[in-house]
Amino acid sequence: NDQLLEVKGLKTYFHIGKGKIAKAVDDVSFAIKKGETVALVGESGSGKSITSLSIMRLIPSPPGEIVEGSISLEGRDLLSLSEDDMTKVRGNEIGMIFQEPMTSLDPVFTIGNQIVESLMKHQKLKKKEAYEKAVDLLKIVGFARAEKIIKEYPHQLSGGMRQRVMIAIAMSNNPKLLIADEPTTALDVTVQAQILNLMIDMKEQFGSSILLITHDMGVVAETADRVLVMYGGQIVEEAPVRDLFLKTKHPYTTALLRTIPNIDVDLKRLESIPGNVPPAHLFPKGCRFAARCTHAMAKCLEEIPRLLEIENNHKVRCHLYASEGGAVE
Ligand code: SF4
Ligand code: MG
């Protein structure tokens, strides 16, 4: 079995008062193979981050709750682990990087302290060994003068440098899975490319898998092996990266692809998708994309389309393809 992570029928709901329920993640299933980079894409509000926080079991409860489904890492059911065991999984088996490293780095401790702390806690290293390993890790993530950086505080570094430090911390325990939630969104374009390349290098060096959460289809094209497109708390298309770009099926994916900046195009005229993701407590009865879809038919307003595998490893949730495939759920 080469599956690392398997998520099945995941439903993460939020009780938002007055009996209202926001179905932020609503019956999501997918798997990540060992060594694979899977991108989870969609606009903000589509349920990407709630999916990753569910995997980490970091959903604030209340108001949030995983109401159904299973999440397993190498066959071990994460939802039934004790909080102590889950803390170990978070430190050792799953590493995380977020959009703004300033919020995950502690401003009052040096970079060195924070890496050393993590290594002592999770790898049970002595202080001196941890310090040496911290210097090594900083070199691996591209700091030529690691001995200097290690003594600095987060605010002394640029955004890109802080993100390198976060990658060093995330990789310090050699995780099986790296979850990166919009890791380059706050960075400028040249630094973005460096950070993405670094993540891919690290993945190859450490043999980990990556779940990359992004709204940026350009980032997806450069990094992912396989893509999951999420909308309204559900997966609407899933395909190997090449097929997603060259044989796009879902109208939402088509719209997302039009948002990629292109050198030939004036950036100010870049298209955004008209309309908004519906709030998770007000999903329509039928297809959740219907209000924004240029192909919407009467049936789309009445019935939620099912996710169908219409070509090898290519799944889509849209009534336009209703006659083409077999249900996978
Ligand atoms: Fe558009 Fe209908 Fe397909 Fe939804 S099911 S994406 S509304 S065509
Ligand atoms: Mg998010």
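Predicted model: local features only at pLDDT ≥ 70, side-chain atom pairs only at ≥ 80, totals over all residues.
Two strands count as paired here if DSSP finds at least two bridges between them.

Strand S9 (residues 226-231) and strand S10 run antiparallel, joined by 6 bridges.

How enclosed is strand S10 (residues 234-240) by the rest of the structure? Largely, because 6 of its 7 residues are buried. S10 also pairs with S12: the two run antiparallel and share 2 bridges. Across that pairing, Glu238 stands opposite Lys315 in S12.

S12 (residues 314-317) has another antiparallel link, this one to strand S11 (residues 307-311), through 4 bridges. Leu308 has Val316 in S12 as its bridge partner. The hairpin of S11 and S12 again comes with 2 residues between the strands, and Asn313 in it takes a positive phi near 60 degrees.

You'll find it in strand S2 (residues 21-33), where Asp26 is the bridge partner of Lys11. Is Asp26 buried or exposed? Its relative accessible area is 7%, and buried means under 20%, so Asp26 counts as buried. Leaving aside residues up to four places away in sequence, Asp26 touches Leu10, Lys11, Tyr13, Gly233, Gln234 and Arg288. For a sense of distance, Asp26 and Ile111 are 85 residues apart in sequence and 39 Å apart in space, C-alpha to C-alpha.

Asp27 is also found in strand S2. Its phi is near 75 degrees, a positive value in a residue other than glycine. Asp27 counts as partly exposed because its relative accessibility is 32%.

Two cis peptide bonds are found here: one joins Ser61 and Pro62, and another joins Pro62 and Pro63.

| Cis peptide bond | Omega |
|---|---|
| Ser61 and Pro62 | about -10 degrees |
| Pro62 and Pro63 | about 10 degrees |

Another positive phi sits at Glu182, near 50 degrees, again in a residue other than glycine. Glu182 belongs to the loop between S7 and H8. At 9% relative accessibility, Glu182 counts as buried.

Which residues of helix H2 (residues 83-93) are buried? They are Met86, Val89, Arg90, Gly91 and Glu93. In an α-helix there are 3.6 residues a turn, so residues three or four places apart point the same way. The cover over the buried residues of H2 comes from several elements, including helix H1 (48-55), helix H4 (111-123), strand S4 (64-73), strand S5 (76-77), strand S6 (94-97) and strand S7 (177-181).

Over in helix H8 (residues 189-206) sits Gln192. Gln192 is buried, with a relative accessible area of 15%. Not counting residues up to four places away in sequence, Gln192 touches Thr184, Thr185, Leu187, Asp216 and Val219.

**Ligand 1**

Where does ligand 1 sit? In the largest cavity. Its surroundings amount to 13 residues, the closest being Cys287, Cys293, Cys300, Cys318 and His319. Sorted by class, the shell around ligand 1 has 10 nonpolar and 3 polar residues, with no charged residues.

Technical notes. Residues numbered from 1 in each chain as written. Chains lettered and ligands numbered in written order. Heavy atoms only, no water. Buried < 20%, exposed > 50% of the residue type's maximum accessible area, 1.4 Å probe, protein only. Contact = heavy atoms within 4.5 Å. Near = heavy atom within 4 Å. 1 Å grid on protein atoms, 1.4 Å probe; cavity = no way out; pocket = protein on both sides within 12 Å on 5 of 7 lines; lining within 4 Å. Sits in = over half its atoms within 2 Å of the grid points. Nonpolar A, V, L, I, M, F, W, Y, C, P; charged D, E, K, R; others polar.
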